[in-house]
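Reader: I have a new structure open and would like to learn how to read it. Could you take me through it one feature at a time?

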Amino acid sequence: MAPTCEPLVRVQADDFDLATETRRLTAGRRDVGAVVSFTGLCRDENGMLEALELEHYPGMAEAEIARISSEAAGRWPLTGLTVIHRFGKIVPGDNIVLVVAASSHRRAAFEAADFLMDFLKSRAPFWKKEHVRGGTGAGWVEAKDADLDDMKRWER
Amino acid sequence: MKLVYFAWVRERIGLPDETVDLPADVNTVADLLNWLKGRGENYGAALERQDIIRVAINQEHADHSAPLPANGEIALFPPMTGG
């Protein structure tokens, strides 16, 4: 199906602002009935994480997120869709990824945001390296089978 | 052919990218991985678990059975962990 909106995709080192991105999808419009956002943050589960270093494939990262976004905009009737993914060094508590999906009705916005995150996890060319406190080492985060299973939920 | 590497594939090979002349009998992604493994211990270490290596041809995901293009950019990288 042809995309129902023109998705906005950004891959950047800088932080993003949820309120600004939400306003971008609603300002001056009367047809938006629902905005669903997902923000993924860098978390430290055991008090050992100094920072995450996010490596990405410049060019393909933007292209792949655009492909996934277009698919979502073809699958659900969206009035707007924004995806922002950061790269570089990110400390616990800081933002990593933002998905904002807007639609006339809530179900499309919820599902599109969920779909986007499941596909970003397994298809967008980003890799996380964990830097441990005290400079004792760094290691690449391993991909989880559960993430692949999450993506398969959307097969039809 | 330009080859680009990311994450631990890049670290183990020791290069972010390189340009190679491929032998005539290297026709698919799987052929390329097998050929690269013979180029040195660093390649062997990077591609040891060949089945989990992900590949993109001209910045689009591709299977190991995919034919290689006449020219362009082939990327090799581990399973992705973004989001």
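Predicted model: local features only at pLDDT ≥ 70, side-chain atom pairs only at ≥ 80, totals over all residues.

Reader: Then let me start with chain B. In what order do the elements of chain B run from the N terminus on?

Author: They follow the pattern β-α-β-α-α-β-β-β. That gives chain B three helices and five strands.

Reader: What radius of gyration would a compact globule with 83 residues have, and what does chain B have?

Author: A compact globule with 83 residues would come near 12 Å, and chain B has 12 Å, so the two agree. Along the principal axes, the C-alpha atoms of chain B fill a box of roughly 35 × 30 × 20 Å. Of its 83 residues, 28% count as buried. Among contacts in chain B with a separation of 6 or more, 52% come from residues 24 or more positions apart.

Reader: Where are they found, and is B:Ala7 buried or exposed?

Author: B:Ala7 is found in helix α1 of chain B. It has 23 C-beta neighbours inside 10 Å, and 20 or more are needed, so B:Ala7 counts as buried. B:Gln59 lies in the loop between β3 (54–57) and β4 (60–62) of chain B. With 18 C-beta neighbours inside 10 Å, B:Gln59 counts as partly exposed.

Reader: Which residues touch the most other members of the largest nonpolar core?

Author: They are B:Ala75, A:Leu78, A:Ala101, A:Ala112 and A:Leu116, in a core of 53 residues. Helix α3 (residues 106–123) of chain A gives the most to this core, with eight residues.

Reader: How should I look at a helix such as that one?

Author: An α-helix has 3.6 residues a turn, so residues three or four places apart point the same way. The buried residues of α3(A) include A:Ala108, A:Ala112, A:Phe115 and A:Phe119. Its buried residues pack against β2 (34–41), α2 (60–75), β4, β6 and α4 (145–152) of chain A. At 1.5 Å a residue, the 18 residues of α3(A) should span 26 Å, and its end C-alpha atoms are 26 Å apart, which agrees.

Reader: And strands?

Author: In a regular strand the side chains alternate between the two faces of the sheet. Take β4 (residues 78–86) of chain A: nine of its nine residues are buried, so this strand is largely enclosed by the rest of the structure. Five bridges join β4(A) to β1 (residues 8–12) of chain A, and the two run parallel. There, A:Arg10 stands opposite A:Ile84. Seven bridges join β4(A) to β6 (residues 95–103) of chain A, and these run antiparallel. In that pairing, A:Leu78 stands opposite A:Ser103.

Conventions. Residues numbered from 1 in each chain as written. Chains lettered and ligands numbered in written order. Buried ≥ 20, exposed ≤ 12 C-beta atoms within 10 Å, placed from the backbone. Helix = DSSP H or I, 4+ residues; strand = E, 2+ residues; numbered from the N terminus. Pairing = 2+ DSSP bridges. Core = buried A, V, L, I, M, F, W, Y, C linked by C-beta atoms within 7 Å. Expected span 1.5 Å × (residues − 1). Contact = placed C-beta atoms within 7 Å. Rg over C-alpha atoms; globule rule 2.2 N^0.38 Å.
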